[in-house]
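Please open the structure in your viewer and keep the selection tool at hand. The stops below say what to select next and what is there.

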Amino acid sequence: MNENQSPRESLEFLKNRFREYYETNNVELPDRFGRREFAFVLFGGKGMIRHLAYNKKTDIKEVLIDKSPAHTYYSSAYYQKPDAQTMQEKNWMGAELIFDLDSDHIPEAKNMSYTESLEVVKKEFYKLVDDFLLNDFGFEEKHMDLYFSGGRGYHCHIRDPKIMDLDSNERREIVDYITGRDLKESLVFHEHITERKSYGGRVFAGGKSLKMPTPDEPGWRGRISRGILDIVNEIKKSDNPIEKLQEYGVKSSDAEKLVMDLSDDRINRIKDGLLDQSKTIRKFFLNNALRKTAVSMSAGETDEPVTCDVKRLIRLPASLHGKTGLRVKRVTLDKLDDFNPLRDAVVFDEEPVKVELNQPFKINMKEKDFNLEKGEQKIPTYLAVFLIGRNIANII
């Protein structure tokens with residue numbers, strides 16, 4: 001369902017609450033905002049209103065109060081003519097590097113509650129920023145802005161002058177590295193001779209293993225090694241190793257064979273940095289270490305990640321998300337672990353509102369537990385906005 005399917009009264013309720021917010025709060029405008037395209041989606045409207053440009057902060061505040069949009073966006077790109085009606089006429093001047101992590105990019109999140117999925121995507125986002133962007137690519141925090149999206153994920157904006165002119169293909173290479181796409185085994189491991197045999201005065205390799213990198217090596221080499229060791233420890237400590245392997249997507253019959261192959265001696269060799277030549281073991285550990293340590297940045301193979309788009313529209317910081325009423329909230333990496341969107345991005349008050357729920361719903365919001373039954377309920381405004389925006393309730 002979408003917002004157009006909510007009754008008129010509910011849409012008016014949301015629009016009025018958003019207007020009150022914009023009357024008393026300022027949004028965060030990007031640098032050189034006069035070179036950016038702006039766009040809006042209105043409550044009950046059809047499609048996006050875009051190709052807009054503003055030279056004054058007061059003009060943007062006025063339109064937010066007047067229109068009270070459900071969603072507010074600006075372009076990651078700079079243009080000579082941001083309000084031109086075609087992309088060619090706009091004359092592209094460069095673009096920030098944008099990373100958008102959403103819970104629908106993470107396979108296991110689809111069976112989770114909204115709250116649970118936010119925790120999972122937050123951990124992925126931290127991994128993206130700390131492991132890859134700061135450590136592997138060497139971006140500086142001063143060129144980096146992090147935001148909760150107001151919905152189901154997080155955004156990272158990189159404003160380093162060195163990346164502004166990158167084209168789509170160059171940005172896709174960055175994505176390919178972060179997702180581990182086409183990572184070759186030969187780049188991570190090398191063969192190690194474990195036994196030598198002599199025949200007719202000549203020496204031959206009698207046994208081989210794959211030599212793992214040390215866990216403290218930089219980049220993918222160390223990352224894969226750490227991933228393999230984590231998986232080994234998980235299996236070793238598990239009371240039910242077959243069940244643990246099934247959590248990694250291994251079929252029951254394959255899991256049984258893998259557990260039989262994974263003897264104590266083999267586990268100890270892996271911990272010593274030698275990965276057996278057993279195809280079953282190699283395939284399992286390489287695939288799952290990659291899956292465990294890479295970052296998922298799209299909903300599927302055909303979904304183009306936001307990062308590759310040099311003309312992307314992204315949510316305006318401190319604006320409100322029409323499906324939750326939550327603020328697009330700036331966060332810092334050192335405070336990310338403690339950040340709770342359902343507490344820290346809530347902007348509306350406790351004023352009670354009568355709503356009709358179309359299903360039972362449970363959530364902890366502003367550190368209060370709500371366990372709501374289907375039917376008429378009186379709840380705080382912030383929760384009413386959240387439930388109406390998600391089409392779980394209507395105003396009465």
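Begin by selecting Phe-132, Phe-137, Phe-139, Tyr-177 and Trp-220, which form one aromatic cluster in this predicted model. Rings of Phe, Tyr and Trp (its six-membered ring) pair if their centres lie within 6.5 Å, and planes under 30 degrees apart count as stacked, over 60 as edge-to-face and the rest as tilted. Because the model is predicted, local features need pLDDT of at least 70 and side-chain atom pairs count only at pLDDT 80 or more, whereas totals for chains, interfaces and linings use all residues. Residues are numbered from 1 along each chain as its sequence is written, and side-chain values use heavy atoms, with hydrogens and water left out.

Elsewhere, Arg-32 lies over the face of Tyr-78, at 4.0 Å from the ring centre.

Next, consider the aromatic pairs, of which a search of the whole structure finds 16. Select Phe-125 and Tyr-154, whose ring centres are 5.2 Å apart with planes at 20°, so the pair is stacked. Phe-125 belongs to helix α4 and Tyr-154 to strand β8 (residues 153-158), so that the pair links distant parts of the chain, 29 residues apart; helices (H or I, at least four residues) and strands (E, at least two) are DSSP runs, numbered from the N terminus. Both Phe-125 and Tyr-154 are buried, where buried means under 20% relative accessible area, exposed over 50% and partly exposed in between, with a 1.4 Å probe and protein chains only.

Now select Phe-137 and Tyr-177, which form an edge-to-face pair because their ring centres are 5.3 Å apart and their planes stand at 80°. Phe-137 is partly exposed, with a relative accessible area of 31%, and Tyr-177 is also partly exposed, at 28%.

For the last stop, which cysteine sulfur is nearest to that of Cys-156? It is that of Cys-308, 15 Å away, which is too far for a bond. A search of the whole structure finds zero disulfides, a disulfide being a pair of cysteine sulfur atoms within 2.5 Å. Cys-156 is buried, with a relative accessible area of 0%, and Cys-308 counts as buried at 2%.

Note on methods
A charge sits over a ring if NZ of Lys or CZ of Arg is within 6 Å of the ring centre and within 35 degrees of the ring normal.
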